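Q: Please take a close look at one strand and the strands beside it. Then carry on to a few other parts, in short steps.

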There are 2 protein chains.
Amino acid sequence: MRRILVLSGGIGGARFLRGLLRAAPEAEVTVIGNTGDDIHLFGLKVCPDLDTVMYTLGGGIHEEQGWGRADETFAVKEELAAYGVGPEWFGLGDRDFATHIVRTQMLAAGYPLSAVTEALCQRWQPGVRLLPMTDDRVETHVLIDDPDGSGNDAGADGSDGGAEGRRRAVHFQEYWVRLRAAMPAHAVVPVGADQAKPAPGVLEAIAEADVVVFPPSNPVVSVGTILAVPGIREAIADAGVPVVGVSPIIGNAPVRGMADKVLAAVGVEATAAAVARHYGPGLLDAWLVDTVDADSVAEVEAAGIRCRAVPLLMTDTEATAEMARAALTIATEVKAA
Amino acid sequence: MRRILVLSGGIGGARFLRGLLRAAPEAEVTVIGNTGDDIHLFGLKVCPDLDTVMYTLGGGIHEEQGWGRADETFAVKEELAAYGVGPEWFGLGDRDFATHIVRTQMLAAGYPLSAVTEALCQRWQPGVRLLPMTDDRVETHVLIDDPDGSGNDAGADGSDGGAEGRRRAVHFQEYWVRLRAAMPAHAVVPVGADQAKPAPGVLEAIAEADVVVFPPSNPVVSVGTILAVPGIREAIADAGVPVVGVSPIIGNAPVRGMADKVLAAVGVEATAAAVARHYGPGLLDAWLVDTVDADSVAEVEAAGIRCRAVPLLMTDTEATAEMARAALTIATEVKAA
């Protein structure tokens, strides 16, 4: 289990990775980061999930918040608001702005996102190799009932909002951050994913991995989006190494965030077992559920996925490391089986 | 003298304008701002002179410094430096960054600089109509002895640096801010000016003006660059209204800045009289020199330019207003003559 590949979203994945690095300090960890949450704000390219991984592992994260920079200030955002330039609902701090400025400048100079991410990581030294899932543009859109009631006949995802009544496709960040997932998501569409190619190094990293781990990231908009890039799901399924996952659902609710909202959009119950079945035995070899969900172990195993109940609350790095050890242990069992 | 047109650089022009607005509160003041100092930094379009005018008249300027924003912080710049991204010699503060972000975003959306400047001024309400001299790209380059000694065979200004020994063309901001004009300027070239068109409204404002004022801005890299845009000098000379200037040189030295360095590059002595002759009687009708330069009045008048010696130190707004009143008075005399 020397080479570990992790598919990660933002906060949940990043915190799990911190535990994994403690649990397996000798491992070579490659992280494929979700870029479906990426958004252009103020003309700048913002990659929330990549940055959360980078800041968390590099020691720059705002610990309590889970995203953004520690010791952050907001002068730029206040000034933009004074110019009447929004959105105001996205909390970009001054330190964070610098990251987006560097990224945008490098992208404008012609570097692909993967090269830009590598350059940014030169500073942060996250202790993992961080790869965006793709260098191509993918934007997760969410189809909702139009809060303004004005409809949107042609959503950016190509959906015919008009035919659905008054529905509207919004960027995932708008749904998640501005609207706080307060209304049902009728569909979650990773726009552009079908045309995207895995970033350089992604398929190679999968092929070389000794184990693939799905951390407790959102199964729809984080891990699901990465798997939607053609070639990635297939490469993982065909890699012939254990694929183990950690449930982001504990006691029928997301540990944090609003994963239940987007699970409903894909017809998946917000239970640890349902998420395991959603990934499916064709992809997933083993699954960790929390001890409070111990009664679902049998259900998951009945679906052909090895399962164990262990404490899954990432209360601190050591507790998280223990989760990671459990994931590596069950992977070893899969391999031996 | 209801409609006043002012050709302005940064600090000197902006401070003079503040006095002018006090001296002539009923006037309609149009400012043609120099954009030759503009520079792309961190992928953002920075317009130092336009912003200095806007911030000074809009109440946002750092008073002591004369440029940049009051109550400024530097988190973004510090972070960029942590990424190894420079230049570090250009002092962009967090509040200032917001202006450049808005500007860059609007330019990327297709708005010309004149429209962007108008939009930024919606916030600042400078009390003048601020027009960039052109919407086209002009960049003032300075030809210097190469401090690295490595030469630069093809300067961006088209000069053959190699043939001159080891000379190098640097952006004006690099010469002025990074190198602090510590070495002689062999030439000052407003690259692109010959292809530039006056911004919308510039020629109309000149045609409608009752008086044209050259404030104590740099005669070479500020007023001179504006005059280098084809059509502007001619329109002013042909407008048939008084053109009056205020000397930026007092007692054979620039009041602030390093105007003497760039005056030398165009073969002009750093004296109040020499600057008046540099503008020339074909353009300039009247000239104000400081009282310490009273003995140069005769020399200026001998060159065919009406001249008066008055206090020219802009120690406060009222002293500056008094300068502006003197400029309007001498303009009235020109008109009556």
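A: S10(B) pairs with strand S13 (residues 286–289) of chain B in the parallel sense, over 3 bridges. This is a predicted model. Look along that pairing for B:Gly245: B:Trp287 in S13(B) stands opposite B:Gly245.

Now turn to another partner. Strand S9 (residues 211–214) of chain B also pairs with S10(B). The sense is parallel, and there are 3 bridges. Here B:Val213 stands opposite B:Val244 in S10(B).

Next, the faces. In a regular strand the side chains alternate between the two faces of the sheet. Strand S10 (residues 243–246) of chain B has B:Val243 and B:Gly245 on one side. B:Val244 and B:Val246 are on the other. Are these four residues buried or exposed? They are all buried, and both faces of S10(B) are covered.

Three strands form an open sheet in the order S7-S6-S8 (chain A), and the pairing is antiparallel. Strand S7 (167–171) and strand S8 (187–191) of chain A are the edge strands, since each pairs on one side only. On average, neighbouring strands of this sheet are turned by 30° against each other, direction ignored. Strand S6 (residues 139–145) of chain A is joined to S8(A) by 5 bridges, and the two run antiparallel. Find A:Val142: its bridge partner in S8(A) is A:Val188.

Helices come next. Helix H4 (residues 94–108) and helix H5 (residues 113–124) of chain A have axes that come within 10 Å and cross at roughly 140°. The crossing of H4(A) past H5(A) is right-handed. Which residues meet there? From H4(A) come A:Thr99, A:Val102, A:Arg103, A:Met106 and A:Leu107. From H5(A) come A:Leu113, A:Ala115, A:Val116, A:Ala119 and A:Leu120. The residues of this contact divide into 8 nonpolar, 1 polar and 1 charged. An α-helix has 3.6 residues a turn, so residues three or four places apart point the same way.

Last, look at helix H11 (residues 272–279) of chain A. This helix is mostly covered, with 6 of its 8 residues buried. The buried ones are A:Ala272, A:Ala273, A:Ala274, A:Val275, A:Ala276 and A:Tyr279. Step just past the end of H11(A), and A:Gly280 takes a positive phi of about 90°.

Technical notes
Residues numbered from 1 in each chain as written. Chains lettered and ligands numbered in written order. Predicted model: local features only at pLDDT ≥ 70, side-chain atom pairs only at ≥ 80, totals over all residues. Heavy atoms only, no water. Buried < 20%, exposed > 50% of the residue type's maximum accessible area, 1.4 Å probe, protein only. Pairing = 2+ DSSP bridges. Axes fitted to C-alpha atoms, helices over the stretch in contact; angles between N-to-C directions. Left-handed = near helix turned anticlockwise from the far one by under 90°. Contact = heavy atoms within 4.5 Å. Nonpolar A, V, L, I, M, F, W, Y, C, P; charged D, E, K, R; others polar.
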